[in-house]
Amino acid sequence: MALVVGVHGIGNEYRGEAVMHSNWFPAMLDGLRRAGAGLEPADLICAFYGDVFRPASRTLSSEVPWYEVDDVRDEIELGLLETWWEHAARHDTALVGPDERTLARTPRSVQRALDALSNSKFFAGIAERAMIFSLKQVRNYFTDEHVRKAAIERVADAVGTDTRVLVGHSLGSVVAYEALCAHPEWPVHTLVTLGSPLGIRNLVFDRLRPPADEHGLGRWPGAAAGWANIVDDGDIVALRKDLRPLFGDRVSTTVVHCGARAHDATRYLTSEATGRAIAAAFRHV
């Protein structure tokens, strides 16, 4: 088994383990080299679960489902859309933010939110229905037991006796976190979260398994000795940058700069901060 297991985020339903590895490995290697360490291709296994979101009726197509504004009705989808819009407006001065009138949960307000986000720096070039599909992937993970179980099982299948680092990007950080919580027997030394939405109250944090303790503090991820949270200030998916108030002071957070593509997994992986976090766990092999 591999030293590092990587867990992808949303928007990967038409890829696979090999494609993910071809993108993640060179980026991770670059980050490690900046930290004075190295990695062999076999040292990284990619836990791929994106296909559980792939609609059966579209298995021969590279297109996302033809979602429209009226398809955004669920509480999680609406809440996440509003939160993205508010956060994007704070980081993009050219973007008009929502107000009490525009946050009314109607098809018109949903359309205004989608129009605004499509013109933001963060979501530039992303089709409206692709944004809706992303909202639905987050909702499906938390509401569809089959999806949640399948994603966690993919991680479990990839983790072995030699695994020391679990790297989760975006929604993959939620999957990795819950998988570690469910398997305290794993030998994983460090959890590395990249662009993580784990700190979003109500929509993510309050839906985690296991739930927070009696003091409202999120559970520590299994038997991991360390947790390195890497985040970009402009990453609107990672709404809460500092996870310590929710998960405790043992979480180490480093702010990096990923440029215009603030949520891009490979840009996170090439950073020296990510390389240092992964390399630190190798010393405990």
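1. In helix α5, the buried residues are V147, R148, A150, A151, I152, V155 and A158; buried means under 20% relative accessible area with a 1.4 Å probe, protein chains only. Helix α5 covers residues 145-158, and its 14 residues reach 20 Å from first C-alpha to last, close to the 20 Å expected at 1.5 Å a residue. That expected span is 1.5 Å times one less than the number of residues. Helices (H or I, at least four residues) and strands (E, at least two) are DSSP runs numbered from the N terminus.

2. A word on the source: this is a predicted model, where local features need pLDDT of at least 70 and side-chain atom pairs count only at pLDDT 80 or more, while totals for chains, interfaces and linings use all residues. Residues are numbered from 1 along each chain as its sequence is written, and side-chain values use heavy atoms, leaving out hydrogens and water.

3. Where does α5 lie? It lies across β1, β2 and β3, running at about 160 degrees to β2. Axes here are lines fitted to C-alpha atoms, for helices over the stretch in contact (heavy atoms within 4.5 Å), and angles run from 0 to 180 degrees between N-to-C directions.

4. The sheet is open and has six strands in the order β2-β1-β3-β4-β5-β6, with parallel pairing; two strands pair if DSSP finds at least two bridges between them. β2 and β6 (251-256) stand at the edges with a single partner strand each, so one side of each has no neighbour in the sheet. Neighbouring strands are turned by 20 degrees against each other on average, direction ignored.

5. Strand β1 (residues 4-7) is worth a look: V4 and G6 point one way, V5 and V7 the other, and all are buried. Four bridges join β1 to β2 (residues 44-47), with V7 opposite A47. Another parallel pairing, also of four bridges, joins β1 to β3 (residues 165-169), where V5 stands opposite L166.

6. Among the buried residues of α1 are W24, F25 and L29. The buried residues of α1 pack against β1, β2, β3, α8 (265-269) and α9 (272-282). After α1 comes G36, with a positive phi near 80 degrees.

Notes
Buried < 20%, exposed > 50% of the residue type's maximum accessible area, 1.4 Å probe, protein only.
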